[in-house]
Amino acid sequence: MNMQVQKNIGQKIQAIREARMISVKELALRSNISLDQILQIDDNQIVPSLAPLIRIARSLGVSLG
């Protein structure tokens, strides 16, 4: 996965989370993903694999599309 795609995923998750006024901690709790991992995704340090990405999307009330 190229860096631009990686950056877009983190930015999109962060933008949706902020628009829905969901804190990083709340997203971690809702998605059952560690706070550290959510922070790394938000900061574009890592790209989640499909399973965590699905859990994040569900927690944010959006589809993966």
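Reply: Let us begin with a single residue and its neighbours. In this predicted model, I13 touches L27, I41, D42, L53, I56 and L60, leaving aside residues up to four places away in sequence.

Me: Where is I13 found, and is I13 buried or exposed?

Reply: I13 is found in helix α1. Its relative accessible area is 7%, and a residue under 20% counts as buried, so I13 is buried.

Me: How far apart are I13 and D42 in sequence and in space?

Reply: The two residues are 29 positions apart in sequence, with their C-alpha atoms 6.9 Å apart. For the chain as a whole, consider the contacts with a separation of 6 or more: 53% of them join residues 24 or more positions apart.

Me: What elements does the protein chain have, and in what order do they run?

Reply: The protein chain has four helices and zero strands. From the N terminus on, the order is α-α-α-α. Of the 65 residues in the chain, 32% are buried.

Me: How should I read the nonpolar core, and which residues make up the largest one?

Reply: The general idea is that nonpolar side chains tend to be buried together in soluble globular proteins. Here the largest nonpolar core holds 12 residues: I9, I13, I22, V24, L27, A28, I33, I38, I41, L53, I56 and L60. At least two residues of this core come from each of α1 (3–19), α2, α3 (35–42) and α4 (50–60). I13, with which we began, is one of the core residues, and its contacts include the core members L27, I41, L53, I56 and L60.

Me: How do α2 and α3 lie relative to each other, and which residues make the contact?

Reply: For a pair of helices, one reads the separation of the axes, the crossing angle and the handedness. The axes of α2 and α3 come within 9 Å and cross at roughly 120 degrees; the two helices are therefore oblique to each other. The crossing of α2 past α3 is right-handed. On the α2 side, the contact is made by V24, K25, L27, A28 and S31, and on the α3 side by L35, I38, L39 and D42.

Me: Which residue just after α2 takes a positive phi, and where is its place?

Reply: Just after α2, N32 takes a positive phi of about 60 degrees, although N32 is not a glycine. Its place is in the loop between α2 and α3. N32 is exposed, with a relative accessible area of 65%.

Me: What phi does N44 have, and in which loop is its place?

Reply: N44 also has a positive phi of about 60 degrees and is not a glycine. The place of N44 is in the loop between α3 and α4.

Definitions and conventions
Residues numbered from 1 in each chain as written. Predicted model: local features only at pLDDT ≥ 70, side-chain atom pairs only at ≥ 80, totals over all residues. Heavy atoms only, no water. Core = buried A, V, L, I, M, F, W, Y, C linked by side-chain atoms within 4.5 Å. Buried < 20%, exposed > 50% of the residue type's maximum accessible area, 1.4 Å probe, protein only. Axes fitted to C-alpha atoms, helices over the stretch in contact; angles between N-to-C directions. Parallel < 35°, antiparallel > 145°, perpendicular 65-115°, else oblique. Left-handed = near helix turned anticlockwise from the far one by under 90°. Contact = heavy atoms within 4.5 Å.
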